[in-house]
Amino acid sequence: MAMTVELPALETTDGTIAPPASRRLRRWTQPAIGLLLPLGLALAWEATVWLGFSNGRLVPPPTKIFAAIVELARSGELARHIMTTLSRVAAGFGLGVLAGTVLGAISGYWTLARRLLDPTVQALRAIPSIAWVPLFILWLGIFETSKIVLIAVGVFFPVYLGVMGAILSVDRKIVEVGRTFRLSGPAMIRRILLPAVLPAYVVALRVGLGLGWMFVVAAEFMGASEGLGYLLIDGQQLGKPAQIVAAIVIFAILGKTTDWLIEIGSAPLLRWQDAFGRHSGGA
Amino acid sequence: MLVLNGLGKIYPNGVNALERFSAEIRLGEIVAIIGGSGCGKSTLLRAIAGLDRATSGTVTLDDIKISAPHAKIGIIFQEPRLLPWLSVAENIGFGLSDLPADIRRQKVAGALARVGLADKADAWPRELSGGQAQRVAIARALVPQPEVLLLDEPFSALDAFTRRDLQDHLLDLWADTRPTLVLVTHDVDEAVVLADRVFVMRPRPGRLFEEIKVNLARPRDRNSPMFDSFKRRVLTALDRSLDRNVPDGDSKSTAGEAMWW
Ligand SMILES: Nc1ncnc2c1ncn2[C@@H]1O[C@H](COP(=O)(O)OP(=O)(O)OP(=O)(O)O)[C@@H](O)[C@H]1O
Ligand SMILES: [Mg+2]
């Protein structure tokens, strides 16, 4: 996992031979180009419906979706659904990250524990996590606990694998530097292993979070009375496509925002990684 | 005094990498170890460093037995091995974490200036050239003021010009506190310009084959006839260590080449 993270970074550093000014321009124009397609399609669809070529009943135009969001927001319902979903993701993510980090670290650090633990975890990983749903409901009931556990299961695996893989791939040569300076066990972990593992860990967290958002939808499909997933089901049953698309849009915004929070939060700790790309290009 | 007494190393796979290696190295002496590839030079150095345990024999430094990394022994590897998440200054201060912050900062600043990288204090290791990175590694190893500094082919990844630069620089730094240097190299030039004694090893099993004293005053002129004659002596010993027959006067064929593999 650590390898796949670094490769794109290396490529960009190799590619940036262009002078800084045009590079800065490109930094702004490139995302903008990415926006052209969705915005264009949205506008085209809006126009199509507005000109009467389609009634837009099954595929609501952007204004309808926006109206649906505004309506939900005004009644205070939207905030309640968002809070419910957010707290489920937060609880499940927290639980999954905790378990994945602890077990991943143990498996990465102790060979014996890895031999003992890893085959079982890998076997469990092969099970599509949604397959657990009936069992979780039987064991934990239909309410919050089973939902949170399902999300946690989804988050657990990428975090576990990321942490274990990252520890296993720590450069032995750098560990040896720690040894020559006679670091104690805890000092070795704090001063060598943790910083070495951090980049891969952040990636694992982001992958885990993505899965957390995926699984919260699955969890809220199984008998929820609140939450964005409930809005989806409700929209389907009552034939309100605008509400469905509105919920999807909000999922996208929340997913992107939380991912961005992890990225921003970890950026100061990972400055050393992209420093090369930023400084040497201009010099 | 660093005393190696009958050091031997047999790896778990049965390779007899080092056998009955004994030597006494005085404080402040510079010893170069040279020999064919795979003749146990790194094995020897790692045993002295306490990174790998020798299977027989002992290493003692001032009558202390060395079996694990020791504060008085520093090591520099072929690669700089800087920690990429620490700035250059933090890398140099890595071994000083026991000291109060202000003293540490002072020592690091001094070391940075000494290796001519004061302007790179806040740079990341990735932003350094190979030669600069190796200078940081030297500073990191020297700043805790070890009594013995071990170097395993420290300049072999650098171009010839930078290599010479760093050889001279290492001598300058050595002159400050005069630690013992034990340097593994493939470069006959490097051995003769730096060392008081050159140990030539022979492979399978790795043993001390010949010891050559380099009685040349420092700084040494790489172009002097004396320098050349020492180089020739080392090369001849190397050839003999590999059982290559070298008729008298024909050692020129290899003497012209600074690098010996
Ligand atoms: N960890 C190891 N396990 C088994 N055998 C090893 C190990 N390290 C080295 N050897 C073997 O021991 C012998 C000496 O190796 P060593 O690395 O000390 O040689 P060297 O003189 O440093 O060579 P070079 O000049 O190429 O660096 C070699 O035959 C090598 O194959
Ligand atoms: Mg070696």
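# Aromatic pairs, a ligand shell and an open sheet

Over all chains of this predicted model, the count of aromatic pairs comes to 9. One of these is formed by Phe181(A) and Phe94(B), with a centre-to-centre distance of 5.7 Å and 75 degrees between the planes, an edge-to-face arrangement. This pair crosses between chains: Phe181(A) belongs to the loop between α8 (172–180) and α9 (185–221) of chain A, and Phe94(B) to the loop between α2 (88–92) and α3 (101–114) of chain B. Phe181(A) and Phe94(B) are both buried.

A further pair involves Trp272(A) and Trp85(B), whose ring centres are 6.0 Å apart and whose planes stand at 65 degrees; the pair is therefore edge-to-face, since an angle over 60 degrees counts as such. Trp272(A) is part of helix α12 (residues 271–282) of chain A, whereas Trp85(B) is in the loop between β6 (73–76) and α2 of chain B, so this pair joins two chains. Trp272(A) and Trp85(B) are buried as well. Elsewhere in chain A, ring pairs link Trp132(A), Phe136(A) and Trp139(A) into a cluster.

Aromatic rings also meet charged groups in chain B. The charged end of Arg81(B) sits over the ring of Phe77(B), at 3.6 Å from the ring centre. For Arg218(B), the charged end sits over the ring of Trp174(B), and the distance to the ring centre is 5.0 Å.

## Surroundings of ligand 1

Which residues are the closest to ligand 1? Of the 13 residues that surround the ligand, the closest are Ser37(B), Gly38(B), Lys41(B), Ser42(B) and Thr43(B). Helix α1 (residues 41–49) of chain B provides the largest share of this shell, 3 residues.

| Residue | Atom of the residue | Atom of ligand 1 | Distance |
|---|---|---|---|
| Tyr11(B) | polar side-chain atom | nitrogen | 3.3 Å |
| Gly38(B) | backbone N or O atom | oxygen | 2.8 Å |
| Ser42(B) | polar side-chain atom | oxygen | 2.7 Å |

Taken alone, ligand 1 exposes 630 Å², and the protein buries 64% of that area.

## The sheet of chain B

In chain B, 4 strands form an open sheet with antiparallel pairing, in the order β2-β1-β4-β5. Strands β2 and β5 (64–65) of chain B stand at the edges with a single partner strand each, so one side of each has no neighbour in the sheet.

Strand β1 (residues 2–10) of chain B pairs with strand β2 (residues 16–25) of chain B in the antiparallel sense over 6 bridges. The hairpin of β1(B) and β2(B) has 5 residues between the strands, and within this hairpin Gly14(B) takes a positive phi near 95 degrees. β1(B) also pairs in the antiparallel sense with strand β4 (residues 56–61) of chain B, over 5 bridges.

Val3(B) has Thr60(B) as its bridge partner in β4(B). In a regular strand, side chains alternate between the two faces of the sheet.

Notes. Residues are numbered from 1 along each chain as its sequence is written. Chains are lettered from A and ligands numbered from 1 in the order in which they are written. This is a predicted model: local features need pLDDT of at least 70, side-chain atom pairs count only at pLDDT 80 or more; totals for chains, interfaces and linings use all residues. Side-chain values use heavy atoms; hydrogens and water are left out. Two strands pair if DSSP finds at least two bridges between them. Rings of Phe, Tyr and Trp (its six-membered ring) pair if their centres lie within 6.5 Å; planes under 30 degrees apart count as stacked, over 60 as edge-to-face and the rest as tilted. Buried means under 20% relative accessible area, exposed over 50%, partly exposed in between (1.4 Å probe, protein chains only). A charge sits over a ring if NZ of Lys or CZ of Arg is within 6 Å of the ring centre and within 35 degrees of the ring normal. A residue is near a molecule or strand if one of its heavy atoms lies within 4 Å of it. A polar contact is a pair of N or O atoms within 3.5 Å; within protein, one must be able to donate a hydrogen and the other to accept it, and residues adjacent in sequence count only if both atoms are side-chain atoms. Accessible areas come from the Shrake-Rupley method with a 1.4 Å probe; for residues, only the protein chains shown count as cover.
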